[in-house]
Amino acid sequence: MTGEKRRVAGDVKPEAFHRSERATGTFVRHMQLPVEVDEHQVHADYTDGLLMVTLPKAAKAQPTQIAVQVD
């Protein structure tokens, strides 16, 4: 994921901010996933400032069930 945070307009005074989390400029975020993902079923939705990413597990990453006969 990449993005860019632009400088705030010059007419906003620094005391108007409670906290500024990062400087201006570009940034990159990388995440390593614990399992393989079905890349054809990935869905992302950005609403009201919230990014929701759905990453379904690939079929080979799903657990398998083995029947055990007990006498």
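User: Hello! Where in the protein is confidence lowest, and where is it highest?

Analyst: Strand β1 (residues 2-5) has the lowest mean confidence, 76, and β3 the highest, 93. The score is pLDDT, the predictor's confidence in each residue on a scale from 0 to 100. Across the protein the mean pLDDT is 81, and 79% of the residues reach 70 or more. This is a predicted model, in which local features need pLDDT of at least 70, side-chain atom pairs count only at pLDDT 80 or more, and totals for chains, interfaces and linings use all residues. Residues are numbered from 1 along each chain as its sequence is written, and side-chain values use heavy atoms, with hydrogens and water left out.

User: What makes a stretch a strand, and how many strands does the protein have?

Analyst: A strand is a DSSP run of E with at least two residues, whereas a helix is a run of H or I with at least four, both numbered from the N terminus. By that rule there are 4 strands and 0 helices, and the order from the N terminus is β-β-β-β.

User: How do you know that β3 and β4 pair?

Analyst: Pairing calls for at least two DSSP bridges between two strands. β3 (43-47) and β4 (50-54) have 5 bridges in the antiparallel sense, so they qualify under the cut-off of at least two.

User: Why is the pair E36 and K60 called a salt bridge?

Analyst: The term requires a side-chain nitrogen of Lys or Arg within 4 Å of a carboxyl oxygen of Asp or Glu. In E36 and K60 the closest N and O atoms are 3.3 Å apart, so the pair meets the limit of 4 Å. E36 lies in the loop between β2 and β3 and K60 in the segment after β4, so the pair ties together parts that are 24 residues apart in sequence. The whole structure has 1 salt bridge.

User: Are its two residues exposed or partly exposed?

Analyst: E36, at 45% relative accessible area, is partly exposed, while K60, at 66%, is exposed.

User: What makes M31 a member of a nonpolar patch?

Analyst: Patch residues have over 30% relative accessible area and no salt bridge; nonpolar side chains (Val, Leu, Ile, Met, Phe, Trp, Tyr) are joined within 5 Å, and like charges within 9 Å. M31, in the loop between β2 (25-28) and β3, has 71% relative accessibility and therefore counts as exposed. M31, L33, V42, Y46, L51, V53 and L55 make a patch of about 710 Å².

How values were computed: Accessible areas come from the Shrake-Rupley method with a 1.4 Å probe; for residues, only the protein chains shown count as cover. Buried means under 20% relative accessible area, exposed over 50%, partly exposed in between (1.4 Å probe, protein chains only).
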